[in-house]
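User: Could you take a close look at the aromatic pairs in this model and at the sheet around them? I'd enjoy one connected walk-through.

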Amino acid sequence: MILDTMENSKQYAGLNPDVDRLLEAMKAYTPDNYPGGRVELDGSRLYMLLKSYETHVLGESLSEAHRKYLDVMYMVEGEETIYVKPTAQLKNVTKEYDPAVDALLAKTDEDVTPVLLKAGSFVVLFPQDAHTPACHANGPCKVKKIIGKVQIG
């Protein structure tokens, strides 16, 4: 997992050319320039989902982990907590990995690590990073967040 602010994104240049391209594309969006929807950079291989929603309490969603895509999340406006735990250490898997939807699902364990994603910050989540996104940070919050998908498998 990588957590940082967009102003430091150049420090990760070369990690993965598609992550580089995605981070650069994400910089174009502001709270006032945010159309929502899907933006394809390279078809289903590299794309962004521009989401708007209100955060929820931790118990209202499951942890997820992917194998085919990296998740790159950029908070344009608002804040949320993403709970993270190594995928191999999940205790309560409710749905084994399904390649059709690129997801393993699990009840969120009690020993997860909270990661605060604030406006201007991004996180890169790898297959070993099971995560429960969109949770309250300091109570309910309306957010604008870009979820970038980078195909790796």
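**Aromatic pairs and their sheet**

The count comes to 2 aromatic pairs, where rings of Phe, Tyr and Trp (its six-membered ring) pair if their centres lie within 6.5 Å, with planes under 30 degrees apart called stacked, over 60 edge-to-face and the rest tilted. Tyr 12 and Phe 122 make an edge-to-face pair, because their planes meet at 85 degrees, with the ring centres 5.9 Å apart. This pair links distant parts of the chain, 110 residues apart: Tyr 12 lies in the loop between strand E1 (2-5) and helix H1 (17-26), and Phe 122 belongs to strand E10 (residues 121-125). Helices (H or I, at least four residues) and strands (E, at least two) are DSSP runs, numbered from the N terminus.

Tyr 12 is partly exposed at 21% relative accessibility, while Phe 122 is buried at 0%; buried means under 20% relative accessible area, exposed over 50%, and partly exposed in between (1.4 Å probe, protein chains only).

Tyr 47 and Tyr 69 also pair edge-to-face, at 5.9 Å centre to centre and 75 degrees between the planes. Tyr 47 sits in strand E3 (residues 46-54) and Tyr 69 in strand E5 (residues 69-77), 22 residues apart. Tyr 47 is buried at 10% relative accessibility, and Tyr 69 is buried at 9%. Tyr 47 has a further contact: the charged end of Arg 38 sits over its ring, 3.7 Å from the centre (the criterion is NZ of Lys or CZ of Arg within 6 Å of the ring centre and within 35 degrees of the ring normal).

Now for the sheet itself. Its 6 strands form an open sheet in the order E1-E10-E5-E12-E3-E2, with antiparallel pairing; two strands pair if DSSP finds at least two bridges between them. E1 and strand E2 (37-42) are the edges, each with a single partner strand, so one side of each has no neighbour in the sheet.

The covered face of E1 carries Ile 2 and Asp 4, and the uncovered one Leu 3 and Thr 5. In a regular strand the side chains alternate between the two faces of the sheet. Further along, E3 and strand E12 (residues 142-151) pair in the antiparallel sense over 9 bridges, and Ser 52 stands opposite Lys 144 in E12.

A word on the basis: this is a predicted model, in which local features need pLDDT of at least 70 and side-chain atom pairs count only at pLDDT 80 or more, while totals for chains, interfaces and linings use all residues. Residues are numbered from 1 along each chain as its sequence is written, and side-chain values use heavy atoms, leaving out hydrogens and water.
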